[in-house]
Amino acid sequence: MEPKSPVRGALGPAGDAGEGHPGQFYTHSPSDPGTARRDPARCGHGAGSDDPPGGSQAGGGRGGEGRAGEGWGRQDRAGPGRAGGAAPLRSAAAMPGLPLALLLLLVAPGGSRAAPSRSTPRPRGLPPLPAQPARPTATGMGTTTGPPPGTGLPARGITTAPPKGSGAAPRKGTATPPRGSGPFPKGITAGPPKGTEAAPPKGTTSPPKGTGTPQKGTATAPPKGTGAAPPKDTTSPPKGIETPPKSTTTAPPKGTGAAPPKDTTRPPKGTGTPPKGTATAPPKGTGASPSPVSATPASPGPSEREGLQEGTPGGKAPAARKKLVRVKVVRKKVVRKKRPKAPAKEAAAPQEPGCPPLGLESLRVLDSQLRASSHKRYGLGAHRGRLNIQSGLYDGDFYDGGWCAGREDREQWLEVDARRLTNFTGIITQGLNSIWTYDWVTSYKVQVSNDTHTWHPCRNGTQEVVFPGNKDPETPVLNLLPTPVVARYLRINPQSWFQNGTICLRAEVLGCAMPDPNNIYAWHSQPLPTDKLDFRHHNYKEMRKLMKRVSDECPDITRIYSIGKSYLGLKMYVMEISDNPGHHEVGEPEFRYVAGMHGNEVLGRELLLNLMEYLCREFRLGNPRVVQLVTETRIHLLPSMNPDGYETAYKLGSELSGWAMGRWTYEGIDLNHNFADLNTALWDAEDNDLVPHEFPNHYIPIPEYYTFANATVAPETRAVIDWMQRYPFVLSANLHGGELVVTYPFDMTRTYWKAQELTPTADDGVFRWLATVYATSNLAMASEERRLCHYDDFMRFGNIINGANWHTVPGSMNDFSYLHTNCFEITVELSCDKFPHVSELPTEWENNRESLLLYMEQVHRGIKGVVQDSDTGQGIANAVISVDGINHDIRTAFDGDYWRLLNPGEYEVTARAEGYEAATRPCHVSYENVPTQCSFRLARVRRQRTRGRLPGDTPEPPDLLLRLRRQRLQRLRAHRRAP
């Protein structure tokens, strides 16, 4: 069906009028016949005399043109580069009386130059439109009259696909060329003919979208004879020269005789596909007819213009002669400085959430702040829904390992009351901790409220968020809220759970406290520490830096040394603090703190690092307590016994390391069970009454199997044992985490098949005193308001307990230290939270500072002295010191000095050494924290007239032996002669 047009073009019926722009129709304005208006009520239009240039071509057809030049709604002059014969042909076709010869003359190229058409003036304010190339017209003779050869338009029989995105289908019976192929047959070049102008190709400078004028700075010149001046800032090529742009790859027009530019490339011979970027459709929406030819070539660059000379045949530039230049090469010796090695990239600190945890795990959130919709029983109530909380050993324990709902439906919830407006940012969840069942929540929703009556769900835009839960009971899963929410109450609403379990979870809530505008009183907060210390978590490299910094601040009282390496090669550094570092002073006891035996129990590590800083700074400030402690005690601080395990936990962060991640070494060894078992050998000897005459009650040798190369002994354990044997430690503490209690030896039950049994040592009274000193001075343990960490109530026993009576630990460091060396060692469980958040470190320092100092001062309690040779006055090494009534002895150091921890009282002390006569004396221990001097001078044993001699005695001379033998014989003879 032919499109409707208000003004029919001269060749409208003869040509194939396209479909037009669907849904739009252009008509003349009554006020200005040269302008067009859009009529959206019409579906399309043909290419009439005044139709817009893109009307008939949008459908891919070739409609008639009503004027020589094409503008938007007005007749214009023959546009630059357009086939000039199109307009006269259309005018002649409207008058059938013209002779055929005149018609053919008008069709000839260049005919339009002699008779340019009149142009209708364009209204002011509208930019000029892009010029369009002429399209072939129907002659009525069965052929298509189009532009002359060399214009780049398709030859007869060559079809062209419609423009991309036009929405028009190709005409029936035409073939669409494959994508990327060119529209030109063999021998047809892509360059435009002289005097023609085609649409700009892709990548070249073209008029802006929707305008008819080229952009500022383009090199498009108006056609010859139009009378129009070239635009400002444009440069036209010399007369008669058609030079394509430098970036295009088109060949010059056929017959021009011009050589291609130096940087251009001809299309391969025999192929009709021009190089990429030469023949492309005009920009969408410009209204220009799609043409496969390139645009008017841009003006050549400066280098190209210099090489083109006007008047030369074909515009070919003469070849320039190459100038020979001699280059003198001077070789100079260049000394390159060695670049300093780039520092190794440090392990990235864990990305802590923006807000700290509220404190469900660390017990800052009280039981009264937790509620739930229902619970199975009291042991599984809301107060048990705390992250990393542990259950008892028995099923149905009164204190179990999480909160479990009493019903299995989606209406159950666990509620947390922050007691003030809080900016909630995230939630961490776990499943139920139990050795009997497997229960966890796999998805949940979050709701907030300010009054517990109106609850608002957490949304991600307009949709309520369902957060993913856990996949196992122990691995913590962090979910950050899409948008932080300010409220007082928060609910966790489980939506799905483990199919073989029930609704059980443990949780921690992240949030920042907000100021309350309705409360004129400041919210009660814990006092900040007065000590300016480095309160943060330190990885391996940061720990080394801090220790180095402390050593540089106090070089006279500090020394850093390593006792060995971990499995992964991390050094186990020790900080020594003493008035004479690096040397053992006679009469000065040696003390040690060990932390980080379990890598995920990090509080002890940070406390020892803070203790280094504190002792250094207070010593420099002249604190009398610290000065006395440093000058009278040799202190050794090992902050990380298991550096490999710590790095594993550190990468996960404080809340996501869980209960056991990083506890073991890289090899999977628990260092607290890796020391030699000396308890069993001692108890067997005691059962057979072999102690102390045939089997020692101290310095028990290490079993032979433990020394084998294939023994399962961690390198960290061997390093610590070596350390114990080199230094005469008197007192020590092993810092752990996860509870609030102090344990003392023995840690292993005497009845091997029992999990719990009271197993005291011979120095049980001393150990109880040492544990009590730390527990009573610790602010967290001494608090009457604190609750149970997990399921054991240690407050009934003063927060101290015999290790074996809590749970048996074979091969513990405490037992090994007591039975193999002189050192008395206890274990301190510092906090319910193994890996407290960095915001809690200042409070933990305040809780433990006094305990750390007071416990070190206990090394001076009891008796001390020197065992010397009565003749020479030299100290006797390895002399045995025994206390009457205590079946545990100690030995002197290599200088003969010793320290024996005792409670106040009167004691009978005996010193003995091989080759010396034993000496006994009474010693009184006062209640003051001052050691009692109790030294001994031992005399050598007199020579006995027996065959056996004591080791160390000098052999008797031969003449003396002969005299003794003669005297013995004389006595025998005299006895025989007697009556």
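Predicted model: local features only at pLDDT ≥ 70, side-chain atom pairs only at ≥ 80, totals over all residues.

User: What makes the contact between α11 and α15, residue by residue?

Analyst: From α11 you have Leu770, Val773, Tyr774 and Ser777; α15 brings Asn847, Asn848, Glu850, Ser851, Leu852, Leu854 and Tyr855. Sorted by type, the contact of α11 with α15 has 6 nonpolar, 4 polar and 1 charged. Asp, Glu, Lys and Arg count as charged, and Glu850 is on the α15 list.

User: And α10 with α14: why is that pair called roughly parallel?

Analyst: α10 and α14 pack at an angle of about 30°. Angles under 35 degrees count as roughly parallel, so α10 is roughly parallel to α14. The axes of α10 and α14 are 11 Å apart, and their crossing is right-handed. Val720, Ile721, Met724 and Gln725 in α10 meet Met813, Phe816, Ser817 and His820 in α14.

User: Which strands do α10 and α14 lie across?

Analyst: Helix α10 (residues 715–726) lies across β17, β18 (571–577), β19 (590–595), β20 (634–638) and β21 (729–736), at about 130° to β17. Helix α14 (residues 813–820) lies across β19, β21 and β24 (824–829), and runs at about 165° to β24.

User: What makes β17 and β23 the edges of their sheet?

Analyst: The open sheet of 8 strands goes β17-β18-β20-β19-β21-β24-β22-β23, with mixed pairing. β17 (558–565) and β23 (800–802) each have a single partner strand, so one side of each has no neighbour in the sheet. From one strand to the next, the twist averages 20°.

User: How do you know that β22 really pairs with β23?

Analyst: Two strands pair if there are at least two bridges between them, and strand β22 (residues 741–744) has 3 bridges to β23. The two run parallel. Threonine 743, for instance, has isoleucine 801 in β23 as its bridge partner.

User: How many bridges join β29 to β30?

Analyst: Strand β29 (residues 905–912) and strand β30 (residues 919–925) are joined by 7 bridges and run antiparallel. The cut-off is at least two, so the bridges of β29 and β30 meet it. Glutamate 908 stands opposite proline 922 in β30. The hairpin has 6 residues between the strands, and glycine 915 takes a positive phi near 90° there. β29 and β30 belong to an open sheet of 4 strands in the order β27-β26-β29-β30, with antiparallel pairing. β27 (890–891) and β30 are its edge strands, as each pairs on one side only.

User: Why is aspartate 417 with arginine 488 called a salt bridge?

Analyst: The closest N and O atoms of aspartate 417 and arginine 488 are 2.9 Å apart. The rule asks for within 4 Å, so the pair of aspartate 417 and arginine 488 passes. The pair links distant parts of the chain: aspartate 417 is in strand β9 (residues 414–430), arginine 488 in strand β15 (residues 477–497), and they are 71 residues apart. By the same rule, the count comes to 31 salt bridges.

User: Which peptide bonds are cis?

Analyst: Two to look at. One joins valine 691 and proline 692, with omega about 5°; proline 692 is in the loop between α9 (679–687) and α10. Another runs from proline 745 to phenylalanine 746, with omega near 0°, and phenylalanine 746 is found in the loop between β22 and α11.

How values were computed: Residues numbered from 1 in each chain as written. Heavy atoms only, no water. Contact = heavy atoms within 4.5 Å. Axes fitted to C-alpha atoms, helices over the stretch in contact; angles between N-to-C directions. Salt bridge = Lys/Arg side-chain N within 4 Å of Asp/Glu carboxyl O. Parallel < 35°, antiparallel > 145°, perpendicular 65-115°, else oblique. Left-handed = near helix turned anticlockwise from the far one by under 90°.
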